[in-house]
Every structure is written in C-alpha cells, then in structure tokens.
Amino acid sequence: MSAIEFQGVSKRYRDRPVLCDLSFRIEEGERVVVHGPSGCGKTTVLRLVAGFLAPDEGKVLVGGRVVASEGIALIGPEQRRLGMVFQDLALWPHLTVAQNLDFALKAQGLAGEIRRERLSDMLARVQLSGSEDVYPARLSGGQQQRVAIARALVAQPLAVLMDEPLSNLDDELRDELCGQILDLHAQLGFTLVYVTHSKEEMRRIGVRSIRLREGHPAGMG
Amino acid sequence: MDRVLNSKRITLWVAVAIFVIAGVLPLCFMLAASLTSAANYTATLGNPRTWGLLRSSLLLAMFTTTLASLAGVTLGIVLAKTDLPLRSVFAVVLSMPLLFPPYILAVGWYEALGRGGLLSQWAGSAVGEATSAWLFAFPGAVLVLTTAFLPVVLLLTMTYLRAVNPALEQAARLSSRWPAVLGSITIPLAAPGIVLSLVLVFLMTMGEFGAPAFLRVDVFPVASFTQFTAFYNFGAATAAALPLVVVALLGLAVEQRVLREKTFQFGWGLQRDCEQVALGSARTPLFLLITLTSLVLVALPLGALVLRGLSLAVLREALDRAGASAIRTLVYSAVSATALSMLGFFLAYLIHRRAVAFWRSIDAVALFLFTLPGSVIAIGLIAVWNRPSTNWIYATPAILVTGFIAQYAALSTRTILAGFAQTSPSLEEAAEVAGAGWFRRVREILVPLAMPSILVSWAVTFLFCAREVSLALLLAPPGQDTLTARTMTLMANGSPELVAALCLLSMSLTAVPLAVYGAARTLWCKAV
C-alpha cells in the first residue's frame, strides 16, 4: 500500500494552471524530495496532500484511501493522519512548547499518562527536554525549528510533510537540522515528503526526488 | 543635516503640542478647578443619588456589554470565518447603527415598539402600551445600546479573526476539526481584539447620554451634565465626572494589559487568504437566523423611522428648522476630520518610529481621551478656554473642532499607524539617503504610502464627529449648533413625524457622504 499517491492531478488558481496531470506514488517509510524553481507548484502539492486544497481534476490518495477527487475533498485534513512543518513554522504563540505538542495528542483522545509519555519522549528526541513550559517566542530559531518538527511527529502520523522548513536558517544550523531530521527518520521510519529548492538539502534528505517545472513533472529520480 | 533633523523634530513636537493643548490641558484644568474646594467632592460624592446613578450606569454597561459581546462575537465568527452567503452584506447591514448617534436608534425603537408605533398598530394598543413601558425602562435602554454598540464588537472581532495567520489554523486542522481549532487557536489569538471591543463598549455605554435621556433612564453622565447645564456648578460638575474618569482609566488599564502582553497575532495588511469553515447543512438555517437578526436589530428600528418621517412636507419642515445645522455639521465634521488626519499622521509616525521617549504615553493618553465621555472633555475644554483672552476660540466653532480633536485623536492615530505598520522604514531611509529633506519625504514618500489609511482615517473621524452629541451640546456656540444637538433640542417639543424626519436627515448626513466616499474609493482602487 502506498502512503501517498497522485493520479492525474491538476490544479488551477483562478485561470492559471499550477499543476497539470501530475501522477506519482510514495511508498510507506520513503523519503521523497519535491523540488523545482519558485512558483512551480511545490507547495501546492503539499497543500493538496494535507487537504487544504482539493484538486480540480484527478485523485489524491493517502494511506490507500481516496481523500480528494475531482474538486471535492472527501476526507478533512484532521482525518488524514498527517504531520506538517510549515515554512514559517506556524507555532502557536499563545501555547507553551508542551501545549503545542499536546494539541494533536488530545485530538486523538489519548489518556493523560500516555500523552505525557509521548510528549517527553519526543522532546527528548529533539533535545528539548526541560523546555515544556516555555513559549515559542522565548526559543532560538533552531529550537523553534525543532519544536515544529516534534509537533509534526508526536502524533505518530502516516506521513510528515515539510515545506522548505530550513530555508530561513544559516548554513551551520541547516546542516545540523538536516542531520537531525535524518536521525529521526531512521528512528521512527515515517514517510517524509520534503519540499525544497536547495540542491544541498535535496542531496542529503531525498532518497527519491520529484522535479516540477511550471506544474508539470519534469523528472523523477 | 541639522536643519533636516530640526525641521522633522519641530514638526513632531508641534503635533505633540497640539495634542496636549487639545486633550491633556483640559483634563489638568478640570482637575485643578475641582480641587479648589473640597465641598465639590463632599457634596457630589457624598450624595447617595450620585452612587445610585453610578450603580445604574455600571449595571447598564455590564448588561449591554454582555449582550453585545454574545451577539457580536458570534456574528463576527460566522461572518469572518465561514462560507455563509452574503456575509459582506450582513456585515454592512449589522454595522449600520454605528453611523448614527444611539439616540436615533432609541427614536427608531420608539417608532417600532412605543405607543402608536408599528407593533401597536399591528397588534393593538394594549400590546403597544406594554412594549412602550418596557422600552422606557432599563431593559429598553439595554436593547437600544446593545443595538448601537454591537457593530463595535462585530467589526473588531472580524478584523482580528481575519488577521490570524492561516498557517496557525492549518497546523491545527491537521489534527482537529474546526470547532476545536476555533476554540483553541483562532479565538484565543483574536482575544485581544475581542477584549478591546468589550472594553470600548463598556466605556461607551458608561459615557452614553442621549439614548438613556430619551428613554428617561437615569444614568451617571446625566449627573455631571445636569450639574453643569442646569446649575452651572463647574466644580460640582467636574467632581461628578471623576468616577467616569476612574472607570475609563480602569478600562484603559485592562486594554493595555491585554494588548501589550499579547501582540503576536497582528498580521495586518499581509493579504493572507483567510481560512474558511464550510458550514455544510448548517448553512441555510444560519443564513435564515442572521437574516432575521438583521431584520429585527437594524431594519425594524430604522424602517420604523423611515415610515414615520418619510413625507415630503415633514422633510421640508425638518430642513427649514435644521437645514443650517445640517450644513454646519458637514463643515465642522469635514474640517475636524482633516485636522485629525493631519495630526494623526504625525502622531502615528512618531509612535511607529518611536521618535520621542514617551511615544507609548501619547498612544495611551489618546486612547484614554477616546474612552472618556464627551461631557467630561467638554467641561475640561470650557475650563481652559472660557475666558476673555481666549474668546476667539471659545465663542467660535474652533472650540468644537478642538473637542473633536481631543476625543478622536486615537481613531486617526491608530488607523494611520496601521498603515505605517505595513510599510518598511527603509522606504523613507532610501529617500533620505538620496538627499530628500523631511518635508519632501513627507510629501513624496510617507503621505503617498500611507494614503489609503489616511483616507480611512478621514472617513472614520468624519463619521464620529458628525454623530457626536455631548460635545456638540456643550461646546457649540449659540447659533452654531450641529444637527445632532438641534435634533435633541427639538425632540422636547417637536411632533413624532418631525423628530423622525430629523433623525432621517442625521442618518443621511453620515450615510450619504460615506457611500459616496466608498464608491469613489472603489473606483479609484479599480483604476489604480
């Protein structure tokens, strides 16, 4: 069973085509990088997978289920079992680090004890133990990045989507966090769809890549 | 370089001086005047009636704020965050009461529920008697003021909800349904705006004079107003105003605390696509419910006014008796809005660039003056300017314009500040590096960049000046009254038809120029 699949997906914004007849398949546990020049539709691919957009034509499958088809989102984002790291991180500023992570766990209806265990385990994995009660604004850029990654992973999603998560960091920090993402993938074995325009990140993160050009698949490797 | 720095500094200090003279000085004079004799305080504050009125005002403000917040926040969420059909139309219709002074709505409700009103004609005089008795009492005042101030909550809730970064909601949508996302993420992020709206409604109700006076509900502002107009007891009037000043200060403290600690949600002008909740099967019932709400809260009182006053003969009489006041209102409001926008521009610049050490105080004092009842500001201005040497201000419409500047500087400053927040300081710095002096930068860079917010500031302040009652009643020189003051005066002995026609004239005075402004702005935006 594939983790994520696009079958002939097209998407237009107003009259401008963004994706044209895009098909690909990502297997469970795979690391795939979606790359291409600015405006080629990379982020649109992630938003279609997440459920923030519905394709005008074609089908999107997540975990083997058709989640959106021919302009209709059949399954809402909250039922797709996905995690996502946004380009601007989108950490909730009014919630502490622990509350940011706990939001997704609460939605799963897990008991308090299990939630606490998972939360501290995930914070330990991203080296943020002891930061539970800190608000995101008090953390450094790299720490905020790690909170965003931990939040995406803590509910044990089927796949994690990352939208240029390291684009605003300096080379050293980017290198360190790339290594951390790879370590977490090795430990947890999640499916990773990673959008970037950086060749260095593409080389390090991606086992396989999907190259887009003006909304068309321009190559898969 | 020195000359450039000096001209900039001088301009900003002149703006500060105008603001201090118009707004701060009157408060200082008022306080000093009331302290001349302790008898003012003992007589006024020792009177049980004073505290009874204060209790009544506080209760009125609490009930009005509670109802306006329940209705306004709910409607704000539905209109800002869902795919309800015609939501922009509903937002405009439900905001209409903000265009007129609350006493016009009171007259409208009287025409709907009072003796001889629409309901009485339809259901019989016994029903009319009962609803009239209900209207001319505390519940009626709550109804009228809730209708009048609901738009404040609605508009601020909508604005703050739309300013929430959609990515924050999308991050939550990956694990939760919309109700949980709204409850845990969206509404808490918009909470500062909602709290601000509640503080404003509370303080505006506390200071409201016209509607309770029309409905014969005794409230605190009447005490200060009566001491001044009936007995001309200046010291007692200022002492009676003191509790209102204290309540306004408390409200301001709440606002400052809530907003200063939670400024994370501001995302004005980033043109983000707002996330929308699909209502699904709830769409039709909600549409019908909001249609009904709009009909009852807005169309009913305003429609009743139109039915009563829309006759050619009565409108002609209204124009004969108050036409000159209407023209004066337009002129005073336009002059004041222009002055406020100019002052607001420089104060907003000063606050945005933190050009003086006390920039935060200017913002806070301006907001404090906005939340003070007009009668308090008017009494302060009279204390400053009512002397032979300054008769050129006190005995002319300049005193009214000064009052408008004091009361509404916060509106123009904050509106233009929002415009500055969307532009980078480097745009001005680039002009400075290119050799442009201060005035050239203002003329060719800063004003054009802030022009949309300057236009909004002009429209908003024009509206507030045109609908102002307390300042107009107390400050307009003899023979120079405004339409709102003239209508209040004629209410005492005019026929219901004439009063309704005067209210319609007042409504058109604000609605027509704003509609023309809105149409012109839309055309200009399309052309650009």
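Author: Start with Val193(A). Leaving aside its neighbours within four places in sequence, Val193(A) is in contact with Ile4(A), Ile26(A), Val32(A), Val34(A), Leu46(A), Val49(A), Ala159(A) and Leu161(A). Two residues are in contact if their C-beta atoms, placed from the backbone, lie within 7 Å.

This is a predicted model: local features need pLDDT of at least 70, side-chain atom pairs count only at pLDDT 80 or more, and totals for chains, interfaces and linings use all residues. Residues are numbered from 1 along each chain as its sequence is written, while chains are lettered from A and ligands numbered from 1 in the order in which they are written.

Now the core. The largest nonpolar core has 232 residues. Val193(A), Val49(A) and Ala409(B) touch the most other members. A nonpolar core here is a set of buried Ala, Val, Leu, Ile, Met, Phe, Trp, Tyr and Cys residues joined through C-beta atoms within 7 Å. Buried means that 20 or more other C-beta atoms lie within 10 Å of the residue's own.

Next, the domains of chain A. Domain 1 covers 1-81 + 159-221, and domain 2 covers 92-156. Such bounds come from an automatic or database domain assignment. The C-alpha centres of the two domains of chain A lie 24 Å apart. Domain 1 of chain A gives 11 residues to their contact, and domain 2 of chain A gives 9. On the domain 1 side, helix H5 (residues 171-188) of chain A gives the most, with 6 residues. Helices are DSSP runs of H or I, at least four residues; strands are runs of E, at least two; both are numbered from the N terminus. By class, that side holds 9 nonpolar, 1 polar and 1 charged. Nonpolar covers Ala, Val, Leu, Ile, Met, Phe, Trp, Tyr, Cys and Pro; charged covers Asp, Glu, Lys and Arg; the others, Gly among them, are polar.

Chain B is also divided. Its domain 1 is 1-33 + 311-528, and its domain 2 is 37-309. Their C-alpha centres lie 23 Å apart. The contact takes 35 residues from domain 1 of chain B and 36 residues from domain 2 of chain B. H24(B) supplies the largest share of the domain 1 side, 12 residues. That side divides into 25 nonpolar, 8 polar and 2 charged.

Last, the contact between the chains. Chain A gives 17 residues and chain B gives 18. Strand S7 (82-85) and helix H2 (97-107) of chain A each supply at least two residues of the chain A side. That side has 13 nonpolar, 2 polar and 2 charged residues.

How values were computed. A residue is buried if 20 or more other C-beta atoms lie within 10 Å of its own, exposed if 12 or fewer, and partly exposed in between; C-beta atoms are placed from the backbone.
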